[in-house]
Amino acid sequence: YDAQTRTCGAGKQRVFTDLDEAARALAGADCLFVRAGTYSRASVGRYLTVHGNQVNYWTGALAINASGTPERRKLVSAYSNELVIIQAKPGVSHYNPDPADTSFKNSSHYYPHPAVSIGGAFVDVQGLKTYGQVVISGHDVVLEGCNLGGGGPHMNQGQVVALNSNQPGGVYNVVVRNNKIHNSTWGESAGNGSTLMCYNSSFLVEHNEFYDSYGWDISLKDTGMQEGRTIEIRYNFFSPGGLGGVQGHNQDSKIDHILIHHNVFYGKATGIGFASPARMGSLAHHNTFVNCKGNGDFADWREAVFSSFNNLFYHSQGNQKFCDIQMKTLDNVHSDWNLFYSSTGDTVWRNGDGARGNTLTEWQKYSGKDAHSAWKDPGFVKPDGNRPEDFKRKDGAKVHDVDGSTYGPVCGAYVTGKEVIGLAPSAWMEQKMP
């Protein structure tokens, strides 16, 4: 692309017709703009390595290995607002018709390698549509404004986005922002067919929409070598499907903090589930849970140091749970200043193997938790809706739910009513190319 003539191929800058060649040339440039079209590995097959029957899962059809610096980042972007499709498998621009298929014919080996791999550092990737997995193994990466679908085979686990590195320090300072992330597939187990799977990683996930997951939407797993770092998940919309919204298990204790706030969990089997803690604790505040009925809005807090403040739990369907805590004692759970409501009255708090309360009063007496929590109708704008804005409060800024919380008097994702949950207007989409 030539900035002086505002054309591709007509000025002094070279035009590339091979995606891989252009990506490798990024080492000596700042930006790679990709024009409209469908791109796949067909043009870069020579870089596909096979060891016996094992395909190199790390190298995408678009492989971004060049690194920028903090002052001069690399940019890979769809040109203007043109539709740029990256296929993991030539000729395949559709998603897995049966994500639960465990035969490997259509599931985690449906795409034989990633669509995009990002191994560089200080890189921004914007505006791509993918059919296949995105693997991030570098650091200081921003993945923004993309439509990411189709689980992949990385470690045979079917994720759409995989954050994973075997390098010292792992993956860190990664931002996943304002993307549609969907259509994960079966992996080596149900829990691993997650839409966004994170190994040895610390990152920020904000303003995304998750849907059509086979497993969990976000799974935090094996986050080793991450002391002094934080995972933050905020302003996302978690749609129905899959096992649940956010899951933490295995070595999450390597992360200092896990912060989950201002998200809407709608129609999930479980909103948030933790089986192990962050090193200095996990905190969920100002989330809205609507009809998350399977294992409860919160589930399996086994051995986790977990705090739940200013969250809003709403049920309008029968046979639901507000929480299901599997700890033998509740010493590591800090839950208060939350709002609970069920329009059916058919709901329960659980601990261990039994129901411990069918009313807030019974739960307070049993657990000693939620002493300042409230039971009241939240007054949603559209309580039977299915979009995040439906779960704003009718009274807006006049809402007052609880007293005494460090996080204020309002419960739920919408505190002022002006918050944007899910996809947000993105500055890069509105700017014009030079």
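This is a predicted model: local features need pLDDT of at least 70, side-chain atom pairs count only at pLDDT 80 or more; totals for chains, interfaces and linings use all residues.
Which strands are included in what covers the buried residues of α2?

**Helix α2**

Please select residues 360-367, which form helix α2. Within this helix, colour Leu360, Trp363 and Ser367, for these residues are buried. They lie on the same side of α2, because the arc they cover around the axis is only 60 degrees.

Next, display the strands β32 (320-325), β34 (339-342), β35 (347-351), β36 (354-357) and β37 (374-375); these are included in what covers the buried residues of α2.

Now turn to the face of α2 directed away from its buried side, and select Thr361 and Lys365. Both residues are exposed.

**Trp337**

Is Trp337 buried or exposed? Its relative accessibility is 19%, and Trp337 therefore counts as buried, the cut-off being under 20%.

Show the surroundings of Trp337 as well. Neighbours within four places in sequence being set aside, the residues in contact with Trp337 include Phe309, Asn310, Asn311, His372 and Ser373. Val402, Asp403, Gly404, Ser405 and Cys411 are also among its contacts.

At Asp403, display the backbone oxygen: a polar atom of the Trp337 side chain lies 2.8 Å from it.

Finally, select Val410, which is 73 residues from Trp337 along the chain. The C-alpha atoms of Trp337 and Val410 are 9.0 Å apart.

Terms used: Residues are numbered from 1 along each chain as its sequence is written. Side-chain values use heavy atoms; hydrogens and water are left out. Buried means under 20% relative accessible area, exposed over 50%, partly exposed in between (1.4 Å probe, protein chains only). Helices (H or I, at least four residues) and strands (E, at least two) are DSSP runs, numbered from the N terminus. The arc is that of the directions from the helix axis to the C-beta atoms. Contact means heavy atoms within 4.5 Å. A polar contact is a pair of N or O atoms within 3.5 Å; within protein, one must be able to donate a hydrogen and the other to accept it, and residues adjacent in sequence count only if both atoms are side-chain atoms.
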